[in-house]
Amino acid sequence: MLQCSLWGWQLPECTASSEVWPLKGSYSAGTHGAPAPGPPMDAMEPVCLVEPVPSSGALRVNPAALGLLRVLARPLHVLAVFGPRSTGKSFLLDRLVGQGEGFPRSPGIWVWCLPHPTQPDQALVLLDTEGFSEQEGEETKLSRLFLLNVLLSSVFVYNSRSEGDPQRQLDRLTCVRDLPRVVRVLDECPWENSFLLSSVLPDFVWCLRDVAPDPCLDEVLEATDHELDSALSSPQDSEDSPSSCVQRFFPCRKLFRFCSPRGDGGQGEPPSPAGQLHPMFQEQMGRFKDYALSRSPKTVVGNRAVDGAFLADFLERIVDLLCRDEPVFLSEICNGLQQEGSNDSVGYPVDPMGGAPPSRAAASTAQPPVPEPKREHVVPLQASRPALPVLAKGAPGTAQPGAMEEPMCLIENSRDGELQLNQAALALLQSVRQPVVVVAIAGLYRTGKSYLLNRLAGKDRGGFSLGSTIQSHTKGIWMWCLPHPCRAGHTLVLLDTEGLGDVEKGDTKNDTWIFALAVLLSGTLVYNSLGTIDQRALEQLHYVTELTERIKVKAAGEGGRQEGEDSAEFMRFFPAFVWAVRDFTLQLVLDGREITEDEYLENALKRRQGQPEKLDLPKKYLRQYFPSRKCFVFDRPAPRRDLARLDQLPEAALSPDFLQQAQRFCSHVHQHAGTKTLPGGHVVTGTLLGNLAVTYVDAIRSGAVPCMESAVLALAQIENSAAVGEAVAAYEEQLGRRAALPTQSVQELLELHAQCEQEALRAFMARAFKDEEQQYQRQLKDELDSKRAELCRRNEQASSDRCTAALLELSQELEERLCEGSYSEPGGYQRLLDDQREMVENYQLVPEKGIMAAEVLQQFLKSKETVAQAVLQTDLSLTDKQREIEVERARAEAAEQEAQLSQEMQARTEQLLQDQERSHQEHVQQLTAKMEQDRRQLLAEQETALALKLQEQERLLREGLHGEVAQLQQQMQNLRKEMSRPPRSRCVVC
């Protein structure tokens with residue numbers, strides 16, 4: 001504050017650095033104006049953030065350190081290091097920021113806030129935690145500190161020395177088992193929360209120290225971009241082992257190996273500067289530093305970036321929940337903090353350094369006691385349990401990864417025979433932000449499925465692996481992501497499934513699940529068979545008849561197919577069906593006339609009264625659940641003797657007829673295979689497809705029947721939450737481009753907000769779906785209302801700062817005269833009034849003062865009334881009567897100015913209320929348009945289903961199956977009622 005000792009008025013100090021940087025989806029502390037910038041970050045030293053209390057095992061949080069975090073109003077890059085004692089953790093962090101010695105070797109978690117060395121718009125926050133040991137009784141503290149490090153960081157570093165088998169060092173991290181038990185993302189459905197966990201976990205980086213040279217392993221790490229999995233031995237027998245947990249929970253896992261840092265190659269940390277470090281260690285440190293500092297800033301649920309204020313409150317909230325032995329529901333915490341951040345009464349200390357947090361030097365000598373927190377936090381641990389496979393998080397910067405060089409296994413069989421997801425392949429799939437065209441192929445083993453997919457991929461060499469013996473070659477479901485050859489901005493996802501009916505496997509249940517997953521994940525399903533479509537081929541397609549026992553549409557009820565579920569409901573989820581008949585030798589002639597391949601398929605699917613159920617059911621279900629059908633027949637591609645090396649044959653050695661047929665097949669798939677969509681027409685991206693895979697595989701592993709409606713609702717929660725974050729980010733981006741504060745009127749500011757709000761709503765509506773109760777749109781509206789209030793505060797602060805600076809400059813000469821006593825002579829009061837009037841006139845000429853010009857001026861004039869009255873009373877040239885007149889005149893002028901300012905405030909309030917109504921109408925208008933679009937999409941799907949049922953009814957009548965006609969008519973009647981029913985959703989945004 002600047003204070004004039006003679007006048008007695010105060011004005012806030014105006015600084016250019018007082019503006020809070022806008023964050024994409026960030027949390028706002030809700031203070032009036034921005035906090036003071038505090039001391040430069042490069043002058044800060046590490047301070048204790050969290051300290052265990054030895055006597056009770058409680059946690060003690062340092063309020064001064066929290067204040068230090070709260071002053072950081074920019075995105076945070078948070079790197080935490082954790083590991084056994086005496087492994088060089090602090091030395092590693094010191095080297096990361098180029099310091100000889102920074103962190104103390106003291107208990108608890110220490111924090112160091114620094115400017116980011118490569119990202120000037122971010123702050124670098126380093127967390128150093130005391131080393132752990134395997135002593136009995138330390139488990140509670142170890143788990144508590146581990147959870148805090150993981151939840152606070154964007155990069156989590158596990159640091160250990162190389163002693164014996166490296167994997168045993170990773171398995172010392174036993175507390176990783178507590179993650180799925182203690183931490184959850186959502187609280188509505190626990191089994192779905194488990195697979196959401198890793199979408200919010202940080203990168204996991206294992207730093208293995210003091211290793212012996214291993215050129216082979218180093219070469220492997222270099223080739224795989226330091227992937228941790230490439231250095232691990234075979235999977236552990238127990239899925240609950242720490243190394244297995246790390247592989248399941250953390251989607252991005254890296255390994256960096258370090259030799260001894262000492263120049264002489266000895267063990268221990270060198271006290272010498274960087275010039276005396278081992279050259280190889282310096283090179284390894286450089287690679288680690290490049291990776292660690294290039295990662296994305298810290299985000300929370302909904303992909304919201306956070307600033308220091310959020311991180312401080314986030315820490316306190318988590319510790320409080322752990323204290324009460326309650327699960328940590330991350331979505332609930334983040335939403336709560338967002339709401340609290342919009343409360344104007346919330347404020348943080350302007351000068352957090354005033355509390356003098358302990359420095360490194362002080363900690364090593366006479367560290368002042370950390371103030372007692374509000375409560376002591378004791379976290380008892382319970383026995384952990386294995387977690388289900390978790391959702392992978394795509395690596396930053398890989399939104400459109402382009403072509404995969406080769407396929408990867410997406411779904412595999414574990415040692416115990418259960419299906420499980422390959423996390424590396426899942427992470428890659430989820431990094432694809434483009435719409436996906438998903439083509440899966442299924443069929444009996446050894447029928448050439450993989451070769452056909454390679455033709456689709458346009459690959460003459462490589463691609464899906466081919467087998468040349470009688471044994472099944474492909475295991476599980478393999479994936480290949482490629483740029484779509486005909487649709488820009490789309491990714492072609494090819495899924496090659498394990499061959500059905502493998503006699504060596506002997507598990508028909510596994511075959512059924514593989515086929516069901518191919519149906520659920522694909523937009524086009526290719527069924528591959530050999531020879532002809534005859535009775536044997538139809539009997540082999542019994543997997544279609546089992547689909548409704550393995551899949552259900554609605555969540556209500558138990559078991560397989562639910563009451564009221566007819567083919568129309570399955571049709572909305574099931575893919576288009578293409579039957580590829582290989583090694584076809586017959587002529588396409590029926591009753592003396594040539595027929596098409598499609599006619600050949602439809603003739604084979606004709607039903608007759610009295611047919612055995614074993615033959616009739618595949619026809620029935622194929623016609624009911626796959627109304628969109630296509631057939632292609634293929635000659636043998638090469639002579640039998642060359643089939644074993646088919647992928648090595650040049651085009652000239654292949655059958656011309658086969659090449660022509662394969663070209664027609666590929667052209668049809670490329671041009672007509674539709675983008676994968678969910679019911680309602682919502683386009684599926686690679687991210688959503690990965691989420692679907694996780695949902696279905698988790699359900700299968702748990703013994704449940706996969707429910708398509710539940711899977712879509714679970715995806716909607718994830719996607720809608722991300723849509724809110726994306727919309728807020730769009731608002732911030734537009735605001736950053738358009739904002740020039742202060743504005744000269746409230747109307748100008750509100751028009752700026754309205755333009756940014758429209759862009760945010762467009763972004764939300766484009767991504768959100770099935771927000772039937774408008775829960776997420778209300779959340780977005782609350783976010784945008786908070787952003788508007790924050791924008792108004794920033795605008796007022798910018799205007800106030802500019803006006804204050806102008807008044808300080810213009811009143812400087814007047815203040816000097818006051819200090820010199822120039823107004824203490826007879827006639828001084830009139831000269832004071834003249835000088836003040838001249839100053840006000842000059843102030844009015846200052847451009848771009850903003851909306852606070854009148855209010856700041858009034859505060860200024862009011863603050864000098866006391867000194868003006870003092871000059872008036874000491875002016876000997878005035879009579880008592882004249883003094884009374886001057887006093888009354890000053891009061892009248894003050895009252896007039898007060899009334900004028902009150903009118904301006906009232907007008908400003910009315911403008912804000914009008915804008916609130918405009919915002920509400922904008923939300924209602926866009927929501928209504930979205931609901932109408934969804935309604936039209938649903939009606940189109942229902943009309944298509946009704947038309948297909950009418951076609952099937954005519955066909956059943958021709959085939960004499962009158963009993964099924966009545967059942968089909970009832971289904972059509974129910975469908976017509978559903979189409980005539982008014983929309984269930986209504987606009988409830990308020």
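**Entry 1. Lining of the largest cavity**

I sorted the residues that line the largest cavity and got eight nonpolar, one polar and two charged. The model I am reading is a predicted one. The lining consists of L520, R572, F573, K676, T677, L678, P679, L692, Y696, M708 and V712. How many cavities of 30 Å³ or more does a search of the whole structure find? I wrote down six. As a reminder to myself: rolling a probe the size of a water molecule over the atoms shows where empty space is left.

**Entry 2. The chain as a whole**

I went back to the overall figures. The protein chain has 990 residues, and 53% of them count as buried. I listed 32 helices and 26 strands for the chain.

**Entry 3. Nonpolar cores**

Which members of the largest nonpolar core touch the most other members? The core holds 101 residues, and I noted L494, F515, F574, W579 and F665 in answer. Helix α15 (residues 508–521) gives this core its largest share, nine residues. Another core lies apart from it, with 73 residues, including I109, F132, L201 and L217.

Leaving out residues up to four places away in sequence, F574 touches V519, L547, I551, Y625, F626 and M708. M708 was already in my notes as one of the residues lining the largest cavity.

**Entry 4. Helix α1**

Is helix α1 (residues 63–70) largely enclosed or largely open? Seven of its eight residues are buried, so I put it down as largely enclosed by the rest of the structure. The buried ones are A64, A65, L66, G67, L68, L69 and R70.

**Entry 5. F764 in α25**

I found F764 in helix α25, which covers residues 746–767. Its relative accessible area is 1%, and F764 is therefore buried, the limit being under 20%. What does F764 touch, not counting residues up to four places away in sequence? I listed N720, A723, V724, A727, D771, Y776, Q777 and L780. I also checked A722, which is 42 residues from F764 along the chain; the two C-alpha atoms are separated by 8.9 Å.

Q284 sits in helix α9 (residues 279–292). I read 8% relative accessibility for Q284, so this residue counts as buried. Setting aside residues up to four places away in sequence, Q284 touches R257, F258 and C259.

A427 belongs to helix α13 (residues 423–430). With a relative accessible area of 12%, A427 is also buried. I compared its position with that of C252: they are 175 residues apart in sequence, yet 8.0 Å apart in space, C-alpha to C-alpha.

**Entry 6. Backbone exceptions**

P742 is in the loop between α24 and α25.

D583 has a positive phi, near 55 degrees, though it is not glycine. I placed D583 in the loop between β21 (576–582) and β22 (589–590). Its relative accessibility is 22%, so D583 counts as partly exposed.

E848 likewise has a positive phi near 55 degrees and is a residue other than glycine. The loop that holds E848 runs between α28 (828–845) and α29 (853–863). Is E848 buried or exposed? I read 53% relative accessibility, and exposed means over 50%, so E848 counts as exposed.

Technical notes
Residues numbered from 1 in each chain as written. Predicted model: local features only at pLDDT ≥ 70, side-chain atom pairs only at ≥ 80, totals over all residues. Heavy atoms only, no water. Helix = DSSP H or I, 4+ residues; strand = E, 2+ residues; numbered from the N terminus. Buried < 20%, exposed > 50% of the residue type's maximum accessible area, 1.4 Å probe, protein only. 1 Å grid on protein atoms, 1.4 Å probe; cavity = no way out; pocket = protein on both sides within 12 Å on 5 of 7 lines; lining within 4 Å. Points joined across faces, edges and corners; volume = space filled by probe spheres on them. Nonpolar A, V, L, I, M, F, W, Y, C, P; charged D, E, K, R; others polar. Contact = heavy atoms within 4.5 Å. Core = buried A, V, L, I, M, F, W, Y, C linked by side-chain atoms within 4.5 Å.
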